[in-house]
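I opened this notebook page to record what I looked up in one structure. The entries follow the order in which I went through it.

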Amino acid sequence: MKILVGLGNPGEKYKFNRHNVGFLVVDKIAEDFAVSAWKKGFKGLMCECHTKNEKFLLFKPETFMNNSGFAVMAITQFYKLASDDIIVFQDDLDLKFGQIKIKRCGGHAGHNGIRSIHNFIGEEYTRVRIGIGHPKEKNKVSSYVLSNFCSPEAVELQQILEGCKDNISYLLINDITTFSAKINKTANI
């Protein structure tokens, strides 16, 4: 069984922030595949999902971004999941808006949620990096990631979220190449 973790900050205030794109992805996946309601557990919210061939969990840590690793460690230990079974959806400042890259292992590139996960479970897991663009000035990064997507971006973001949902079966069987090709085609990258 795999667990798909969306990174973000809990609460209505942050719901549509750029930093919450991970939450938005797993919420979209849940629309079609959830077989249970979201429920609290392991310092987050989780739900069970099924495709035709796969059973998997969606998880949203409620520890705030900087402490995501604590919640991820708790749920992965409980279900005795290997690092190959963990897929994390995250925002990425270093990618232009809408660009998606998949990475296994590697550094955290300054992302506090990824840094926290590395601290608790190491770096041996898959990450789906979703580009949110960069404000061009380092001193504006914090306010930028905590701002909402603008109207034109919000329209394109919906296509990206739909693409992730529609192609999730490839990710679940570790066909990263096909998932990446299909999702980037959806995002017009």
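This is a predicted model: local features need pLDDT of at least 70, side-chain atom pairs count only at pLDDT 80 or more; totals for chains, interfaces and linings use all residues.

The entries below cover the sheet, the aromatic rings and the salt bridges.

Entry 1: I looked up the strand order and found seven strands in an open sheet, arranged E2-E3-E4-E1-E5-E7-E6, with mixed pairing. The edges are strand E2 (39–41) and strand E6 (100–104), each of which pairs on one side only. From one strand to the next, the twist averages 30°.

E6 pairs with strand E7 (residues 126–131) in the antiparallel sense, over five bridges. Within this pairing, Ile102 stands opposite Val128 of E7.

**Entry 2: a helix on the sheet.** I asked which strands helix H1 lies across. Helix H1 (residues 21–33) lies across strand E1 (2–6), strand E3 (44–50), strand E4 (55–61), strand E5 (86–92) and E7, and it runs at about 145° to E4.

**Entry 3: aromatic rings.** I found seven aromatic pairs in the structure. One of them joins Phe42 and Phe78 in a tilted arrangement, at 5.0 Å centre to centre and with 50° between the planes. Phe42 belongs to the loop between E2 and E3 and Phe78 to helix H2 (residues 68–78), so this pair ties together parts that are 36 residues apart in sequence. I checked the exposure of both: Phe42 is partly exposed, at a relative accessible area of 24%, and Phe78 is exposed, at 52%. Ring pairs link Phe42, Phe78 and Tyr79 into a cluster.

I also looked up Lys60. Its charged end sits over the ring of Trp38, 4.5 Å from the centre. Lys60 lies over the face of Phe23 too, at 5.5 Å from the ring centre.

**Entry 4: salt bridges.** My search of the whole structure gave 13 salt bridges. Lys2 and Asp85 meet in one of them, at 3.8 Å from N to O. Lys2 is in strand E1 and Asp85 in the loop between H2 and E5, 83 residues apart. Are these two residues buried or exposed? Lys2 is buried, with a relative accessible area of 8%, and Asp85 is buried at 19%, because the cut-off for buried is under 20%.

Glu153 forms a salt bridge with Arg18, with the closest N and O atoms 3.0 Å apart. This pair links helix H5 (residues 151–166), which holds Glu153, to the loop between E1 and H1, which holds Arg18, across 135 residues. Both Glu153 and Arg18 are buried.

Lastly, I recorded a network of salt bridges that links Lys28, Glu31, Asp32, Glu162, Lys165 and Asp166.

Notes:
Residues are numbered from 1 along each chain as its sequence is written. Side-chain values use heavy atoms; hydrogens and water are left out. Two strands pair if DSSP finds at least two bridges between them. Helices (H or I, at least four residues) and strands (E, at least two) are DSSP runs, numbered from the N terminus. Axes are lines fitted to C-alpha atoms, for helices over the stretch in contact, and angles run from 0 to 180 degrees between N-to-C directions. Contact means heavy atoms within 4.5 Å. Rings of Phe, Tyr and Trp (its six-membered ring) pair if their centres lie within 6.5 Å; planes under 30 degrees apart count as stacked, over 60 as edge-to-face and the rest as tilted. Buried means under 20% relative accessible area, exposed over 50%, partly exposed in between (1.4 Å probe, protein chains only). A charge sits over a ring if NZ of Lys or CZ of Arg is within 6 Å of the ring centre and within 35 degrees of the ring normal. A salt bridge is a side-chain nitrogen of Lys or Arg within 4 Å of a carboxyl oxygen of Asp or Glu.
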